[in-house]
Each structure stands twice: as C-alpha cells, then as structure tokens.
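Hi everyone, thanks for coming.

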Amino acid sequence: AIVTTPVPISDVKFSVQSGILGFTAEVYNGTSTLEETAKLEREHQERADTAQVYDDLWIRHWDTFVTPKVPQIHTLPLVRSNNGGFSASGSPRNIIKDTNAAGRLEASNSFTFSPSGRQVAFVAKRPGRDYAWKTTSYVYLAGVDGAEATPINPGKGGASGSPAFNKDGTKVAYVQMASLTYEADRNQIKVYDIKTNTTVEVATEWDRSPSQLLWADENTLLATYNDYGRNKLAKVDVPTGTVTPIITKHAVGSIQHLPGTSRLLIDYSSLDSPTDLYTVAIEDGDISRITHLNPQFESIFLSPPEDLEFVGADNATIHGFILRPPNFDATKKYPLAFIIHGGPQSSFTDSWSTRWNLNIFAAAGFVTVALDPQGSTGYGQEFTDAIRNQWGGRPYQSLILSLKQLLSTHPYIDQDRLAALGASYGGYMINWINGHTDIFKALVNHDGMFSTIGTYYSTEELYFPETEFEGVPFDAEARKNYERWSPEKFVENWKTPTLVIHSEKDYRLVVSEGISAFTALRRQNVPAKFLYFPDENHWVLKPANSLRWHQEVLAWISKWT
C-alpha cells in the first residue's frame with residue numbers, strides 16, 4: 001500500500017503534474033492529523049454513555065445525525081520509488097483546517113485539482129447559525145501545501161457547484177444560484193479570473209439550469225443540463241453565451257476529458273437501456289459505445305418510451321412518457337400505473353434507474369405513465385417556480401387534467417383499473433389525491449408528507465419548506481399556506497385503498513408521516529398496508545429490501561386493479 005490511514009478516506013484523486021495525492025476524510029473539526037481524529041474517535045466510542053448534545057440546528061441530515069466530524073480535504077506528496085511505484089513523502093495534511101470560516105467548514109461533493117496540481121477547488125457551505133435555513137455555499141481555492149483556503153465568490157448568493165479549472169489554471173468556471181434559500185433556483189454559469197480577481201456571468205439568458213461544467217477550450221465550456229425529459233450536453237461560448245447542444249437524446253450522466261484526445265468519456269442511459277460508458281466527440285457529438293455492462297438485458301424486452309403532451313392548469317404544456325406492456329395489443333384493455341415524481345423540483349427523464357424504474361411497472365402488465373407537472377425541472381425556471389405555495393394546486397390540477405386527456409385518447413387503458421403511485425413529493429400528492437378524488441382504485445404513498453406543519457418541525461433542511469410555503473409556520477400569514485396545502489386537513493375524505501411505505505432513517509420526511517397516514521386510513525376502515533424498513537432512508541437501496549419493495553408494490557396495485 002502507498003499509504004495506510006487510521007480513519008476511512010474517500011474521493012481519492014492523484015495529480016500527475018504535482019505528484020500530490022488528494023482525498024477526503026471525516027475528521028474532528030480543527031484537528032491537524034488523521035491520528036488526532038482516530039484518537040478522539042476511540043475516546044468517543046469508549047464513553048459509558050451514548051448521548052449527543054446539540055445547542056443549535058443542523059442536528060441531523062438525510063440519514064445521519066451530525067457529529068463533531070466533518071469531511072475535509074487532505075493532501076499527501078508521493079515520490080516515485082526505484083521499482084517504478086510510488087511511496088508517501090511525509091504525512092497527510094488537512095488543507096482546509098485553518099480556513100478563516102467560523103464554524104463547520106464541510107467540503108461537499110468533491111474537489112478538483114488545478115492543471116498544475118498545486119491548488120484544489122472545492123465547494124463548502126457557509127458556516128453559521130442559519131445553516132439549516134440558508135443554502136449559501138462558496139467555491140474555495142486552497143493550496144495543496146495547506147495555504148489558507150479562500151472563497152472566490154464571497155458575499156450574497158445561494159448554492160454553488162461544479163468548479164472547473166481552465167487549461168492553464170487561470171480561470172475557474174462554476175455554477176451558483178441567486179437565491180439564498182431556494183434549492184431549485186436556476187444555476188447561473190460564472191467564470192472567475194484568478195489573476196484579476198474578477199467574475200463574469202455567462203449565458204445569462206439561457207433558461208435552463210446546468211449541473212456539471214468542463215472546459216473544452218479557452219472560450220468554450222461544456223455543460224450538462226436537464227431539458228424536456230432528457231439530460232443533455234451542450235457547448236457554451238463564454239464570450240457570447242451561445243449554447244450549442246451536442247447530445248440531445250436520452251440521458252448524459254457525468255462527463256470527463258479523455259487525455260490527449262478531443263473526446264469525452266460519459267456515462268449514458270435511457271429508460272430502456274441501462275447505463276454504459278461512451279465516448280463523445282466534442283466537435284460534432286459523434287458518440288461511440290465502449291462498454292456492455294449488462295448484456296443480460298439484451299434478451300429481455302424493455303418497453304421503449306414515447307413522449308406525451310397534455311394541456312394542464314394555466315394552459316401549461318405537461319410533458320411525460322408512456323411505456324406499454326410486453327406483447328401489447330391495442331384491442332385489449334390494460335390497467336394504468338400513473339407515477340408521480342418527487343422533488344418536487346425534479347423530473348422524469350429518459351434515463352435508467354434502479355428506483356422507480358418505469359419498465360418494472362410496464363413488465364408487470366401496466367400501461368405506465370409518468371408526467372412532469374408544475375414544479376418539474378427542464379422546462380424553464382418559471383415552470384419550476386410555479387409550484388411554490390401551490391403544492392396541491394396547479395400540479396394536482398395538471399395531473400388530473402392530463403389523466404382525463406390520456407384516458408380519452410388511449411382507449412386501451414381501462415378507466416376502472418387506475419393506480420397512482422408516488423414518492424416524497426409524489427407521496428404527498430398521493431395523500432392529496434386521496435382527499436380530493438376517488439378516480440383511482442389503488443394508491444401507493446412512499447415517504448410522503450402527511451402534515452405540512454409537522455414536517456416543518458421535524459425535517460432538517462428548513463430552507464425547503466420556508467421557500468415552498470413562503471415563510472415559517474409560526475408566522476400567522478405563512479401558517480395559512482401550510483394549513484391550506486396540508487393533506488392531513490382532508491383525511492375525512494380518504495377512501496381509496498393505499499399502501500404506505502416509510503423507513504426509519506428517513507430524516508427528510510420522518511417515519512411518523514407514514515405512520516400518521518396509515519393511522520388515518522385504518523382508523524376510518526380504509527383498506528391499507530404499512531411497509532416499514534428499519535434500516536433504509538428516504539430511498540430503499542439495499543438489494544433485498546428493493547426486491548421486497550417491488551414485490552409489495554406490484555402485489556398491491558395488481559390486487560386492486
């Protein structure tokens with residue numbers, strides 16, 4: 001081994017140019033060495049009690065309670081040995097330990113080396129008392145020798161992401177949102193000039209939200225972005241802001257340069273094709289597949305998706321996909337699986353996933369439809385914003401209007417055998433549907449919100465409900481918004497058989513939300529089942545649990561349709 005560390009490490013990267021190994025390790029804030037963290041951790045584990053004490057918010061996040069440890073970036077010089085291998089020179093150095101930022105400086109996602117390998121760029125959320133209700137994060141530059149990390153975009157602004165050095169290391173491109181509290185604001189491309197300490201905004205009129213950036217050349221950026229049900233790749237001209245799509249079909253995942261070539265390595269998938277690796281020509285988008293990671297699927301029928309469009313609330317265009325069962329016969333009648341996505345600021349894209357894979361439902365004999373109502377991403381920021389303080393309003397209206405148009409134009413769907421399913425916000429919508437219509441014969445609510453007010457006081461990212469419902473529930477006016485859109489207010493109307501699914505380690509929407517929904521159903525003698533996972537979070541990820549999840553869900557909707 002090149003180096004053995006006393007604590008776990010992740011995100012390992014090596015700069016050939018500088019001979020520096022970089023990695024992330026969870027360490028006690030302010031410690032200088034990994035050995036210090038290991039010693040403190042041993043002392044922590046050997047305590048007689050197990051209490052954890054907090055004096056401010058950000059007690060837990062996603063599925064983990066916050067501890068004094070934070071992920072921070074470390075560097076270690078390597079030297080080439082006589083046998084051609086590498087060996088460590090010195091000990092790992094925590095390069096952001098001494099950063100001038102009061103509180104926890106928690107490196108998020110990843111980091112990237114400069115071309116010289118002498119600097120790294122990373123993103124960290126701004127420490128402070130408002131950590132739980134502000135999204136502000138900065139892009140930091142740090143020297144690999146431990147020189148103080150400094151933010152390149154200090155001041156007002158929201159979440160930052162995807163820092164990328166240009167070829168000579170003089171500029172850093174990144175994305176940042178304007179809102180300090182809205183996690184689904186539009187990502188704006190910015191380019192920081194290290195020499196002049198100036199920043200310019202790029203493609204300010206482009207009404208899409210890019211996620212990952214790379215430099216193609218000194219004047220051109222590459223950007224991935226969600227657009228109309230696809231995850232696309234485009235070139236962005238820095239001086240003019242002109243956006244030129246390169247890949248417009250299916251779903252591009254992560255992208256990286258292939259050294260010494262004019263091509264990219266990408267992961268690429270679709271609703272009917274699992275993820276594989278491809279190379280793409282930057283100039284013209286020529287794409288070439290280089291792996292076949294799942295050959296078993298070549299002999300399995302996967303339903304190809306077809307685009308749908310309907311007219312929703314406010315005459316908005318509602319886009320989605322339809323997948324038909326194997327051996328489909330348009331003269332027969334089929335049940336419908338009507339699937340509602342979470343987020344709510346996300347979308348159904350032509351991409352592969354092991355969670356909520358639409359082909360699973362089609363293979364079970366259901367015509368499967370997945371739509372993007374207001375709040376969805378990829379259709380412009382105004383459409384995304386249209387859900388704010390409208391959780392059970394425009395999106396619900398658009399879903400029901402679209403369903404009616406679907407049934408009138410697709411006679412092979414049996415109107416008496418409709419099932420609706422959703423997770424997270426989709427689970428909220430299932431609860432809302434149960435209080436507002438009985439058109440469905442079966443419902444599935446995975447990790448859905450039951451009480452908007454209860455959720456505010458138990459969730460972790462307070463900026464989310466404070467933005468969605470335009471305030472805090474202890475403000476008299478804002479409380480009216482919470483109460484208006486709370487499914488709990490309408491439980492007396494619930495009558496549709498419902499499968500409720502929730503997991504113990506879901507700290508985004510806590511397990512009591514699911515128990516409450518189940519209680520409301522069974523106390524009113526509505527047929528229901530509660531599927532509980534003690535070891536999963538907002539997502540069901542363990543293979544055996546995922547298999548059980550699918551068995552229970554398919555059995556439930558099949559039983560009632």
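Which residues form one aromatic cluster? They are W391, Y425, Y428, W432, Y456, Y457, F464, F469, F474, Y482, W485 and F490. Please keep in mind that we are looking at a predicted model.

Aromatic pairs come up a lot here: the structure holds 33 of them. Take Y228 and Y379, whose ring centres are 5.3 Å apart with the planes at 65°, so this pair is edge-to-face. The two residues sit 151 residues apart in the chain, Y228 in the loop between β17 and β18, and Y379 in the loop between β27 and α3. Y228 is partly exposed, at 27% relative accessible area, while Y379, at 15%, counts as buried.

Another edge-to-face pair is W356 with W549, at 5.0 Å centre to centre and 80° between the planes. This pair also links distant parts of the chain: W356 lies in the loop between β26 and α2, and W549 in helix α10, 193 residues away. Both of these tryptophans are buried.

Now to the core. The largest nonpolar core has 50 residues, and L336, F338, V369, W391, L406 and M429 touch the most other members. Beyond its sequence neighbours, V369 is in contact with residues including L308, F321, I322 and L406. There is also a second, separate core of 26 residues, with L323, A362, A370 and W556 among them.

Finally, over in helix α1 we find E41, whose side chain makes a 2.7 Å polar contact with that of Y28.

Technical notes: Residues numbered from 1 in each chain as written. Predicted model: local features only at pLDDT ≥ 70, side-chain atom pairs only at ≥ 80, totals over all residues. Heavy atoms only, no water. Core = buried A, V, L, I, M, F, W, Y, C linked by side-chain atoms within 4.5 Å. Buried < 20%, exposed > 50% of the residue type's maximum accessible area, 1.4 Å probe, protein only. Contact = heavy atoms within 4.5 Å. Helix = DSSP H or I, 4+ residues; strand = E, 2+ residues; numbered from the N terminus. Polar contact = N/O pair within 3.5 Å; in protein donor to acceptor, adjacent residues only side chain to side chain. Phe/Tyr/Trp six-rings, centres within 6.5 Å; stacked < 30°, edge-to-face > 60°. Lists of a residue's contacts leave out its neighbours within four places in sequence.
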